[in-house]
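Trainee: Could you take me through this structure feature by feature, giving the general idea and then the case at hand?

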Amino acid sequence: MKYANYIPATMLFLVFPILTAQAQTLFPWHMADATNKTVFKIETQLPLRNAVISLPITITSGSFACIDADAPGKPLPAYHGSNNISLMLPGEIRPDKSRHVIVYRGSKEFSPVLPEQPRFTCDYAGNVLGRFWDFEDGTQGGITSWGNRPSHLGPITVKNGWLQIPVKNSDPYFIFGDMFDPPGSQRNLSIDSRLYRTLELRVRQSCQKAEWEFFVTDQNGQYKSSKFEVHGTTAQVFRFDLPHLFPDFWDGRKFRALRIDTTNNKKDILVEIDYVRLLPAPPAVTAGPVLSREAVLARTATSGADITLPETLTAGQQLAAKFKTSGTSVSSLYTWSIVTAEHGTIFPQSRGASLQLPIFTRAGECAWTIGLSDDLGKPLNPISGVLRVKPASLASYRLTPEKKYIDLLAPTANIVVQGLDAYGNSLPVSIWLPRWTLPGNTSTPFGRINGNPATVTITLQGDKPATHHIALSDIKGHGGETTVTTVAYRKDMIRLNANGYLVNPAGVLVFPTGGLYANFPHRLNTDGTISRSLDLFPCGPSPYEAGFPWSPETEIAVNDYLKHCADHGINCLRLMLRNMDIVGRVDPVQLKATLHLFDLARPYGIRFNVALMEDYTKPPYVSREIIEKIVLPHYTPEMLKGLPPHRARFIVEKDILASPALRYTDPDAIACQKDYLAELLPVLASREEVLCYEFENEMVYPPMAWCREIASFIRTIDPHTLILGNPGPHDWPEPLRWRESSCDLYSYHPYNDGNPTADHGAIIYLRSKFSMQSGLPMYTGEGGINQNRHQKNAKHVTPEQAARGTRDQIWMSLCCGANGCLYWVLMYELEAQEFARIKPALSELSINLATLKRRRPQAAIMLPPKQRDTRDTSMTIRLLNLGVDFDTVLTNEATAYSVRIDLEKQMPQDINLPATVAAPSPGFQIVTLLSDKNDQALLYMRNVAGGVKDFGAPPRPCYLRDVQNAEAAFTLQAKWKKIIALDIDTRQSRTLTPDSSGRVSLGITTHDFLIGLIR
């Protein structure tokens, strides 16, 4: 493999932005016998030598000659493709100076034909590192590390320029750069994503089919990946457009690592890699118009031109401009450049004294510029003016409901009527005798319709939700139509109060607890364990099989599950609509089953957090397997023939998105999502059991533009239901992005295994603090210790330890201001009992969350805006030991706090702040929720006497608080009228009186406590 078209790394300091030349471009006619020519401007962002360029030109017959405008000697050798010409441009192209190639046709002299298309091979490794990732030198070519499971790989060798990787087990990978270590690693790369845009691999494998994957990691350690399948055993080239795959990630930032995962989940095969390349964008090519020799001669001879255009015309009218030229005869052939907002730049020809104008269809003022065309299509000596385009005659009416979805109880629809010409331009409305087609018994609106536009009010009839068709026409047959849908919105609307808590219409607190993933109904076993009773709504390529109506066994299992939840105070279940979206349609059977689940839950007072769309790689738009196994069985051949193009693309053409991230930006995917929501939401909007809508589970860095667009669309259908955003289990700074999401609620999944400096519960607390910075009311959405340790080689903790983790998730997050606490699946009855304690505890402690507005603390840990500072865990432990409440904030937002903790400058032992409400005794920590009015406070006092201990085992440690006997005591910073302590373990409460110093002792114990303070 040879690389000819690059400039060594020593010259990269000469990279400049592309400069757009403003001068007009005129080249001499080099080939006297040629009939026409086209000039191409070549620009680059990187200095290149002997660059391969592709000229977008179609030549159907005859020869052609490619001339280097800088050295117009012999024609350059070129490859003739079906719609392009490829060649190597000798010499250098630099960002500060463009080059030009001229293609002549009709000459006897022509370009030598290249037998193969030359390839553009300039890449990052050769340009920046000075060493290609091609293994031609017999080494591993710049690979910095291999997979962290040595047993998964055999001896790595290089043979004839191919890297040989014997794959022994299911997780083989190699890395260029440093994916996992801190940002300062010396192995880090610095890949400029502004310049390098394409990943290219040449590979082969010894198996017939395997899934591969690659990861890109930015300078802050954030990474994204894309999977692809390799079929067959022959050598294959794969090219990935990185900005297209990762539109909000490969966005101009620097990247520190590239990882290649070969043949995931395969064993005992041989993988071979020929090369890995990161390619810049090829040189940019700007094509001029096709100019005949006669037109160039006329342009050269012309010394001036006067052009006259009409001031006004009617849309669709054909007109010509009048012109006079000096220096040439009226019979000369001219090529013009006309620039307008409607048509862009066009190059009409004329012979005679008139120039045919393009047809203008947009009403309003249209600026124009006209001149003879230079070699790149710019007007020479341009003349400019403004053309006023009037609408054509009336062709139809556009009917637009002010609201497409209206309340069934107030079914008044305001319809805006606008006249249109054949090109969509607006016209006034004046209909003497309107003819209406209206649904059912709806009365015909009376009288003449006038306006620009006009608004007509129609009251629809009917006692059931329906989509109503409305049509209007005049006596001449001009017409228009629209639809309006009536929705029976639920009456028991859950809303957010001013303090960020959820309340019902009477203002009574609704504190959602449980979650538990309603797709997996569970059962309680005699040994105290809880296990899944059935996979009711499966995900991925597994079809829904329970049907509807359900079997008696399914009915019993679901009822038993709901009863067990209700008996333990669980009032909210998280339901993910799996495979409900069958590409713009709702699965009708699953929808019936879902509504029946709601019916069964209603007597228990259980509501649902409903995740509307699929997550990760499961949406149909990114999985051909889902299309074939799940979607297509719902469609008949007749249905497939009638699909709109945006849906047919995925179902009929099976044009699957190259990356899951593209479902957030691809217009067709978004159109399908909206079709699906438009069918689903009018049904869900009527159900009292729906607490909120969640976009989807654990969103992987979604663009906030998508969140805003979909939230706005949801609200056009159902403005009453809260919308929840839920990123994946991502640390700081992800919550900051969600400030721009336009969601109502924020949910986070505080899975973790703790670390040597902070236990599992302390990290839940810290992640709750992070989540507060979204600026949205929040609650946990999943969690659990063992649920995070589902791998076969991960040791489970005991039921008691798991329940303690549940307890920490509930009360640590609640004391941060969370307005609910959801979980993943229960594994032990002891975990369920922790949820049973929430409502009685708040009642016994006299804490009224609905009236409590959290007081902002005085202290804040300052964090950088782009990456978490992991020293925050040890600082969190210090503040918990002191009983100090705090926030985590951006460094530049910390001025609102009187105490600002700088992790760069302050060590935990340096912090000696007074407790916010109460200081715990040694062996305990206190977490504080204090009201802004200072009239009530909730303290969670947890036993940490044994410190942080690893209760797991290699390779997955699990750091939990070690509960030991210690005196449970606290000292109040001020007087409180009422002090109640609840022993969480025994569920016993007592009223307390502090001593003269404000100290209260609860005795020697291993238990945890909740303290309610009322002033």
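Mentor: Let us begin with a cysteine: Cys743 counts as buried at 8% relative accessibility, where buried means under 20% relative accessible area, exposed over 50% and partly exposed in between, with a 1.4 Å probe and protein chains only. This is a predicted model, in which local features need pLDDT of at least 70 and side-chain atom pairs count only at pLDDT 80 or more, whereas totals for chains, interfaces and linings use all residues. Residues are numbered from 1 along each chain as its sequence is written, and side-chain values use heavy atoms, with hydrogens and water left out.

Trainee: Which residues of the largest nonpolar core touch the most other members?

Mentor: In soluble globular proteins, nonpolar side chains tend to be buried together. A nonpolar core is taken here as a set of buried Ala, Val, Leu, Ile, Met, Phe, Trp, Tyr and Cys residues joined through side-chain atoms within 4.5 Å. The largest has 115 residues, of which Leu573, Phe608, Leu612, Phe695, Trp811 and Leu938 touch the most other members. Helix 10 (residues 704–717) supplies the largest share of this core, 8 residues. Apart from it lies another core, of 62 residues, among them Tyr124, Leu153, Trp250 and Leu278.

Trainee: How is strand 1 placed, and which strands does strand 1 pair with?

Mentor: Strands (E, at least two residues) and helices (H or I, at least four) are DSSP runs numbered from the N terminus, and two strands pair if DSSP finds at least two bridges between them. In strand 1 (residues 36–43), 8 of the 8 residues are buried, so this strand is largely enclosed by the rest of the structure. Strand 1 runs antiparallel to strand 6 (residues 99–105), joined by 7 bridges, with Val39 partnered by Ile102. Antiparallel pairing also links strand 1 to strand 18 (residues 284–287) over 4 bridges and to strand 19 (residues 291–292) over 2 bridges.
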